[in-house]
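Please keep the sequence and the structure in view while reading.

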Amino acid sequence: MKILHTADWHLGNVFHGHLRTDEHRHFLKWLLSVIEERQPDALLITGDVFDTANPSATAEELFYDFLLQATSLLPGLQVVITAGNHDSAGRLEAPADLLKTHNVYVRGTIHYLPKGEPDFGYYLLPLADRLTGQAACVCMALPYLRSADAPAGLSPEEGLRFFFREIRRELKHTEFDGLPVIAAAHFYTNGADICPDDHSERVVVGGQECVSPDVVGQGVSYTALGHIHKAQQAGPAAWYAGSALPMSFSEKGYRHGAQWVEIDEDGKAQVSFVDYEPLRHLLTIPAHGRAASAQQVLDEIASLPLSSKQTDRSAWPYLEIHVEERQPEPSLMNDVMQALADRAVCFCRMTRVRPAADGKADAEKPATPDALAATAPLDMARQYFKSRFGEDMPEELVKRFEQAQDL
């Protein structure tokens, strides 16, 4: 059984004000080329197909055009889609009956039987060898579980264990019991590698939603996960495919692509990563270190490639700037925008960083109202400047302050 696993497309994403339609179109074209070249039996898409619960018409068009092209390109290809936390589960699943006629199976919401218990069998999908049509493995395809989906009182981990345990019990009553089992889901495993300071995944503070990768149960050949944007192995038999595109500047070093999985008759999985080079890359000034001076920023901008009518704007890199603010620079943003006007980059943001503390200054005690009333405005300004920038107020600013006082 040959499986291609992808996740976290975030179609419709807007990156610092920039629409990413061309980037997503580039990724989906690449994915189609992988499908054509490698001829998988199944494609797993494990959540966050869209960036928002109300995606644009353009984002939906990209998605459904891809599904049509993929299933037309490779007859017999089975596509399994599970909803993620960014998706509208009901909206994603709404065309499920139509998509099923194209061998596309969507699991977005929790379905219930007449007596009120979940329909666990709905989340069991036998997957066939594309050439023979014979079932070769069984997929437990579970959408992202929200708090109301699990029985009351269960933690996120207990809720996932409950669902996967009951799905496995349902499997024992089918003709597919004994086939290799895979799982497709969207959750945050403990130990998964994310950027602690600037991650773009929606994770609960304190890791309260972190779960063990073994919630799917024992004997699972491969667990296809979505949610975490860094492609990685999350357990003995669990992998994140990673996001299609970088979703924040903290993801600059991430690999992008898809997991390639081959499962033999004994259920042993061989996993490798298929690399994808995004249309745009991320660029930071300075490339190394926490921040650069205003002049260094302008110098680095001057070394960037010039734009021209022949330049492919869709491939321009995204740019962020970190400037060390040692004194107020009221005209800096204007200077930066003028310098960038003829450069082949997409400007995203500029952050102002205070100089690193040297650790020698004593912490100042809060001033009392009487002390503040007795402090001259210029002295107060000097104190504030020193506390913010770590050095004395320049004489030029002192003169400006005095001129403003005299007005």
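## Helix H5 and its cover

The cover over the buried residues of helix H5 includes strand E7 (124-128), strand E8 (135-141) and strand E9 (181-186), where helices (H or I, at least four residues) and strands (E, at least two) are DSSP runs numbered from the N terminus. The residues of H5 that are buried are Gly159, Leu160, Phe162, Phe163, Phe164, Glu166, Ile167 and Leu171; buried means under 20% relative accessible area, with a 1.4 Å probe and protein chains only. H5 itself covers residues 156-171, and its 16 residues reach 23 Å from the first C-alpha to the last, close to the 22 Å expected at 1.5 Å a residue, the expected span being 1.5 Å times one less than the number of residues.

## Basis of the model

The model is predicted, so that local features need pLDDT of at least 70 and side-chain atom pairs count only at pLDDT 80 or more, whereas totals for chains, interfaces and linings use all residues. Residues are numbered from 1 along each chain as its sequence is written, and side-chain values use heavy atoms, with hydrogens and water left out.

A nonpolar core is a set of buried Ala, Val, Leu, Ile, Met, Phe, Trp, Tyr and Cys residues joined through side-chain atoms within 4.5 Å. The largest has 37 residues, of which Trp9, Val49, Phe63, Phe66 and Ile81 touch the most other members. Helix H1 (residues 21-38) contributes the most to this core, with 7 residues. A second, separate core of 31 residues includes Ala183, Ala185, Ala192 and Val220.

Within H1, the buried residues are Glu23, His24, Phe27, Leu28, Trp30, Leu31, Leu32, Val34 and Ile35. The end C-alpha atoms of H1 are 26 Å apart, which agrees with the 26 Å that its 18 residues should span at 1.5 Å a residue. Just after H1, Gln39 adopts a positive phi of about 55°.

Beyond its neighbours within four places in sequence, Val49 is in contact (heavy atoms within 4.5 Å) with Trp9, His10, Leu11, Phe63, Ile81, Asp87 and Leu92.

## Overall architecture

The protein has 10 helices and 17 strands, and its C-alpha trace spans about 90 × 55 × 35 Å along the principal axes. Of its 407 residues, 47% count as buried. Among contacts with a separation of 6 or more, 71% are between residues 24 or more positions apart.

Note on methods:
Buried < 20%, exposed > 50% of the residue type's maximum accessible area, 1.4 Å probe, protein only.
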